[in-house]
Amino acid sequence: MNISSPAGAQRHRTVVIADDSVVVRGLFARWLGESGQFHLVAVAGDGETAVAHAGRFKPDVMVLDLDMPGVDGATALPQILRESPHTGVLIATTLTERNTRIALECMTKGAMDVVSKPDSRSGLTLSLDFRSEFLLKLGNIAQARGRSGSLPLDIDVDFTPVGPASLRQLVSAVPRYLVIGASTGGPRAVAKVLFDIGDGLQDLTTIIVQHMPPLFTASFAEQIASYIGIPAREPFDGERLVRGTIYIAPGGRHLGIDRRLGHITASIGDGPPVRFCRPAVDVLFNDAARHLGPAALGLVLTGMGADGTEGAGALRRAGAAVIAQDEQSSTIWGMPGSVVRAQHASTVIPLDDIGSAIRSLVRTGQPS
């Protein structure tokens, strides 16, 4: 396979493909070449070679399979990131129940996203949807790796500085519902925030939209419950949402909020995607604004795109505060950055400080 540098390749994002299948490596390489956006610098058939290529080429993106001989993808991942910390890793694997669990663990340990390979050769080669998703996610990761990391100076951003005291000044009543939106890089960020809130979660009903495929969200809920020690699950339609429980939107379905017989309940729907997303953060946030008002606290974490921006504006107009993760700690500052630019963020907080600020807020009683 010819992977020499083409003319003008310096303008393209560099990629390493690590997969034990010659067919898959060849197919991915062809797609990269046809897209005109990427430069394939190397391929690997096992994790050991992938680690070596990471150290040698320092690629913008590595496509990493989980099931490889010798050193598998999950074992290779931390070594890849040590060799090349700025490489964005896209997990590309056939999603069995086992691989789904492992892929989630990889995303909490530094992988940026995952794409599910069809489980047949014909599905792999003929699926235009898979090809589009693969190239889109690869492009998102490459864009994130190449961003400058600075906020344009001509944008007038209005938000309150970080800190528990300043956060208390943003709310008229102590929030009892925490609504969270996240996408690329979100599994790690969500887990970090929830862990840092700690026993403060007992005073909150926590509702999360994390952009994930259908197979992932149930496993994600199980991992969160195990990691945090708080019940976490996908809710069913009409389920009463109670304090001290974490609810995660089912993959591929919208999670909203309704009020039935005086109780706040989950609303699960199969409506069209919103901003190309289902589940969509905007659906959750808009419903939270309508039914919860100031009792909600919105949180927008790392992710590509602008999902959550419209809903964050609705939350602010309803009297709720909205926290946006800061750019430096975000894997991709798309969703939180969009909220900030729209001036819907009440405050912008680094990931390491978000959980403690929320915990302090909900554990201190009525704010002064």
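Q: Is F130 buried or exposed?
A: The relative accessible area of F130 is 3%. Buried means under 20%, exposed over 50% and partly exposed in between (1.4 Å probe, protein chains only). This is a predicted model: local features need pLDDT of at least 70, side-chain atom pairs count only at pLDDT 80 or more, and totals for chains, interfaces and linings use all residues. At 3%, F130 is therefore buried.

Q: What kind of aromatic pair do F28 and F134 form?
A: Residues are numbered from 1 along each chain as its sequence is written, and side-chain values use heavy atoms, without hydrogens or water. Rings of Phe, Tyr and Trp (its six-membered ring) pair if their centres lie within 6.5 Å; planes under 30 degrees apart are stacked, over 60 edge-to-face, the rest tilted. For F28 and F134, the centres are 4.2 Å apart and the planes 20° apart. The pair is stacked.

Q: How many residues apart are F28 and F134?
A: F28 sits in helix α1, and F134 in helix α6. Helices are DSSP runs (H or I, at least four residues), numbered from the N terminus. The pair links distant parts of the chain, and its separation in residues is 106.

Q: Within what arc do the buried residues of α3 fall?
A: In helix α3 (residues 73-83), G73, A76, L77, I80 and L81 are buried. The arc is taken from the directions from the helix axis to the C-beta atoms. These buried residues line one face of the helix, because they fall within an arc of 135°.

Note on methods:
Helices (H or I, at least four residues) and strands (E, at least two) are DSSP runs, numbered from the N terminus.
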